[in-house]
Amino acid sequence: VLGSAVADTLGRVAWSAVIDRAEGRLRADLLDAVMEQPLEALTEQAVGELLDRIDDDTHELGTLLRMSAWRVIRLTLAIVPLLIVAGLTFWATWLLFPVIGYAVYRAVRPHLARLAELKVIEEAAWTEHAAAMEEGIAARNDVRTSLGQPYLLRRCAELASTIHDKMADVVAVEAVIIRRSGLLLNGLL
């Protein structure tokens, strides 16, 4: 157990270092690509949208790879020894684990495409909200003098409401995936 914890920690640190370098390189490449755009093309984009794309999207991608990809790597490395130990402990494991693993895969696979689609829609709602907020901050003097603050607050509240609706859609699909996989895996236990 101690050796496993040490190996997991060392592997996670090494993996995080690789992802951090890749995330920094991606952020620099995106910033270079934005700076190379003609000024006319940039006027069509909201300030917040560009900042969100450069900073938040790269951070989200890095976090996803740091956490989820590491879990997949760790599972891949651990599954063979675990299967051997479990199979030697209880003979039916040789049959049950692969069958239930395939059943879980078949049960959640139809929902994964929908989840990915909903996550993109949710991210677009977050970007739109960030753009409105950044535009409001960038134009704060104009908003204050033209009495546009109530409009800006209402707009940001509407966009926040949209984010909550989109997030509820994502959580509903995630709940279906968790219920299906959880029932099968707990049934195996």
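The model is predicted: local features need pLDDT of at least 70, side-chain atom pairs count only at pLDDT 80 or more, and totals for chains, interfaces and linings use all residues. Residues are numbered from 1 along each chain as its sequence is written, and side-chain values use heavy atoms, with hydrogens and water left out.

**Stop 1: the largest pocket**

Select Arg 71, Leu 75, Ile 79, Gly 101 and Leu 185. Of the 15 lining residues, these are the closest to the centre of the largest pocket. Its volume is about 700 Å³. (A pocket is an open set of points on a 1 Å grid over the protein atoms alone, where a 1.4 Å probe fits, with protein on both sides within 12 Å along at least five of seven lines; lining residues have an atom within 4 Å of a point. The volume is the space filled by probe spheres set on the points, which are joined across faces, edges and corners.)

Now colour α3 (47–89), α4 (93–138) and α6 (149–188); each supplies at least two lining residues. Helices are DSSP runs (H or I, at least four residues), numbered from the N terminus. The largest share, 8 residues, comes from α3.

**Stop 2: the second largest pocket**

This one has a volume of about 540 Å³. Select Asp 56, Glu 60, Leu 61, Lys 119 and Glu 123, the closest to its centre of the 19 residues that line it. Helix α3 gives the most to this lining, with 10 residues.

**Stop 3: the salt bridges**

A salt bridge is a side-chain nitrogen of Lys or Arg within 4 Å of a carboxyl oxygen of Asp or Glu. The count comes to 10. Select Arg 74 and Asp 8, whose side chains meet at 3.4 Å, N to O. Arg 74 lies in α3 and Asp 8 in α1 (residues 2–35), so the pair ties together parts 66 residues apart in sequence.

Which residue does Glu 122 meet in a salt bridge? Select Lys 119: the two side chains meet at 3.4 Å, N to O. Glu 122 is buried, at 7% relative accessibility; Lys 119 is partly exposed, at 40%. (Buried means under 20% relative accessible area, exposed over 50%, partly exposed in between, with a 1.4 Å probe and protein chains only.)

Next, show Asp 20, Glu 23, Arg 27 and Arg 66, which are linked in a network of salt bridges.

**Last stop: Leu 95**

Select Leu 95, in helix α4. Leu 95 counts as exposed, at 55% relative accessibility.
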